Every structure is written in structure tokens, then in C-alpha cells.
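Take a moment to look over the sequence and the structure. Then follow the tour below, one step at a time.

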Amino acid sequence: MLQPGMIAPDFTLSASLGESFTLSQNRGKRLVLAFYPADWSPVCSDQMTFYNEMLDYFTDQRATLVGISVDGKWCHAAFSNDRKLDFPLLADFEPKGAVSRTYEVYDEEAGESKRALYVIDENGIIRWSYLSPVDVNPGAAGILQALDDMNNVTQ
Amino acid sequence: MPDLRIPVSDRDHILGSPDATIELVEYGDYQCPYCGAAYPIVKRIQDELGSRLKFVFRNFPLRKIHPQALMAAVASEAASLQGKYWEMHDMLFENQKRLNYSSIINYAEHLGLDIIRFKLDVADINLEKKALSDFESGLRSGVNATPTFFVNGNKYLQDWKAPEFIQFLEQAK
């Protein structure tokens, strides 16, 4: 994975809730990139559904969450609509997995993104990264801790 | 550092002896079917471990997928103000498919609560805040689904549906 201190590589992907998302157009915001294998995993254990419940806690920390998988934008739109997600899902679809590869979280064998998290600061610098076992929802403890640590450095 | 960021204290709802050596904390949601499935398992654990166990329930309502979960949690807090927390807790899990407002009022009547007071308490924003107060501590403790269990402060990572859960608890120190 890319390590803390590195510049987060720029990318543009189509988004479920809008037309497109470009990383470098989000300077001044903290970003949480949540790479995940696929839409439509079972609801009660689903990482994206879980994050949707706790967006306020990210917002309180001035952080914006985006989900990223290789599913296409129509699949993302259907999934997002079904789960009533209030944050964008980005389609790393064409060329397939290109952004996931750049972020070193692409599983070549499965043809899917790994389950991985990046926290990026206001200047586009990676501040925390984490690779989760693919079948484990990593929850939010690590993300919130990383955001806390950024507050402490800034102050 | 234990996984459980906020230790059990007198602001929690605790069932069992304070001196019990085994402490089981559940983060749960009254409308979650998995929590409903865990409910009889916890009952059985309580029966088998008796005075060696104290059980703590903390609210973790997933409000978007379970729109009635928060009101149910508030109802349990309102019942607590009349000394019937665990009675309401059981009632909610035993009837988790019917958690609308009129059903909850029926449960309160069934438990013999003062209904006027109960209705006022259920509408009290401060009680709603209390019902949500465990959510962030749960997130920071690594809750990633409901139910999530902590045994003596450490997150239980195995399958709580398996018989090994009670064996693990019996050996907990």
C-alpha cells in the first residue's frame, strides 16, 4: 500500500451521486477513501451500509467519505439507492481497477479491489492507510483515530 | 489498552452481580434481526453462568436501515426511569417485529408503567441523546456490526452463535 506522508495520486472517477469525482478538486477537505470488493454484500455486515450510519462522525471531523469498487456506475447507483447511501460510490470500472492498482489495493486474482482504507489530509497527503482482511468489515475505529491524530498535529 | 474504550460504570445498565468476574457487554439494536437471534443466546449464557456473569447492554441503533431502532432504545431508557429497564429490553426483543409507537405504548402498559410519564419521557430529547450516547464509544471500540460483544473489555471476534462462545466466557478472566 501507499504509505503515510506520500502525495495521494490524483484520479477522476464517475460517482453514483454526481457526474464525477476528482481527488485534486477536494483540496481543503479531509478525505476517507474506502476501497471495497463489490456492491451487494449482505446488509447487516456491509461496510458501506455501516459507514452510512455514522457519516455524522466523519463530518464532525471535517472528513468526506467516498467508497470505491470496480462496479460500474449503474450498479453503484442501484446499490446506493437500495441502501439509501448518503455518500458517493466511485466506479473504478474503465480501465478496470486502474485507481485501485495505483493505490496498490487491487486483487488481480479476484479482479476486485481489496478492502482498504486511506485517510488523506487537506493538502492531499496520505496520513493513514490500512489493509483489512477481505472478509472483515474494518469498522471506523482506525479512521476516527487517524482523524483525531491529525487534529492533534494541527493544533 | 482494552478494546472497550469506555469501561463499564454506573451509567450503564448492568444485569448481574457487580462483583461478577465475567463481564459481557453487547452493543445492540432492538430492530436488528441478528440481535434478536442473539437475545436467547445471551439469556442462556446468563442462566448457565449465574452470579459469575454481569451483562451490560449498550444501544447501537442503526437508524437508517432500522428506522424504529432509536425509538425502541429511547423506550428502554424511559422504562428505566420507572425501574423497568430489563423488562422493557426483553419485551422489545421478544416483539422486535412490532416496534411502532402504539406497540411500544402497549408494552409499557403491559409492564404497568405510568403511561403519561412514559409518553413524556419517550418524547424527551435528552433521553434520545442518552440512547445515542453509546454510539460513538462503540465506533471507537471497533463495533462494526450489530451485535458486537466484548468479554472483559476485549472484542469477541469469533462467531457468537457457536457453542464455543459460552466456553470462552466460562474461561474468561
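Is B:Phe93 buried or exposed? Keep in mind that this is a predicted model. B:Phe93 is buried, because its relative accessible area is 6%, and the cut-off for buried is under 20%. The residue sits in helix α3 of chain B. Look at what surrounds it. Setting aside residues up to four places away in sequence, B:Phe93 touches B:Asp29, B:Tyr30, B:Cys35, B:Gly36, B:Tyr39 and B:Phe57. Now find B:Ala37. It is 56 residues away from B:Phe93 along the chain, yet the two C-alpha atoms are separated by 9.1 Å.

Move on to B:Gln96. This residue belongs to the loop between α3 (85-94) and α4 (101-110) of chain B. B:Gln96 is buried too, with a relative accessible area of 16%.

Starting at the N terminus, the elements follow the order β-β-α-β-α-α-α-α-α-β-β-α. The five strands form an open sheet with mixed pairing, in the order β1-β3-β2-β4-β5. Which strands stand at the edges? They are β1 (13-16) and β5 (154-155) of chain B. Each has a single partner strand, so one side of each is left without a neighbour in the sheet.

Look inside that sheet. In chain B, β2 (residues 22-28) and β4 (residues 148-151) pair in the antiparallel sense over four bridges. Pick out B:Leu24, which stands opposite B:Val151 in β4(B). Such pairing has a simple basis: strands of a sheet pair through backbone hydrogen bonds, either parallel or antiparallel.

Helix α6 (residues 125-141) of chain B lies across β1, β2, β3 and β4 of that chain. Its angle to β3(B) is about 105°.

The C-alpha atoms fill a box of roughly 45 × 30 × 30 Å along the principal axes. Buried residues make up 55% of the chain. Now consider contacts in chain B between residues at least 6 apart in sequence. Of these, 76% join residues at least 24 apart. Chain B exposes about 8,200 Å², and carbon and sulfur atoms supply 52% of that area.

Turn to chain A. It contains five helices and nine strands. From the N terminus, they run β-β-β-α-α-β-α-β-α-β-β-β-β-α. Chain A has a radius of gyration of 14 Å, close to the 15 Å that the globule rule gives for 155 residues, so it is as compact as a globular protein of that length. Of its 155 residues, 52% count as buried.

Zoom in on strand β8 (residues 116-120) of chain A. Why is β8 described as largely enclosed by the rest of the structure? The reason is that five of its five residues are buried. In a regular strand the side chains alternate between the two faces of the sheet. In β8(A), A:Ala116, A:Tyr118 and A:Ile120 point one way, while A:Leu117 and A:Val119 point the other way.

β8(A) has partners to trace. Strand β3 (residues 30-35) of chain A runs antiparallel to β8(A), joined by five bridges. There, A:Leu33 stands opposite A:Tyr118. Five bridges also join β8(A) to strand β9 (residues 126-131) of chain A, again antiparallel. A:Ile120 has A:Ile126 in β9(A) as its bridge partner. β8(A) and β9(A) form a hairpin with five residues between them. In the turn, A:Gly124 has a positive phi of about 80°.

Conventions
Residues are numbered from 1 along each chain as its sequence is written. Chains are lettered from A and ligands numbered from 1 in the order in which they are written. This is a predicted model: local features need pLDDT of at least 70, side-chain atom pairs count only at pLDDT 80 or more; totals for chains, interfaces and linings use all residues. Side-chain values use heavy atoms; hydrogens and water are left out. Helices (H or I, at least four residues) and strands (E, at least two) are DSSP runs, numbered from the N terminus. Buried means under 20% relative accessible area, exposed over 50%, partly exposed in between (1.4 Å probe, protein chains only). Two strands pair if DSSP finds at least two bridges between them. Contact means heavy atoms within 4.5 Å. Axes are lines fitted to C-alpha atoms, for helices over the stretch in contact, and angles run from 0 to 180 degrees between N-to-C directions. Accessible areas come from the Shrake-Rupley method with a 1.4 Å probe; for residues, only the protein chains shown count as cover. The radius of gyration is taken over C-alpha atoms; the globule rule is 2.2 Å times the number of residues to the power 0.38.
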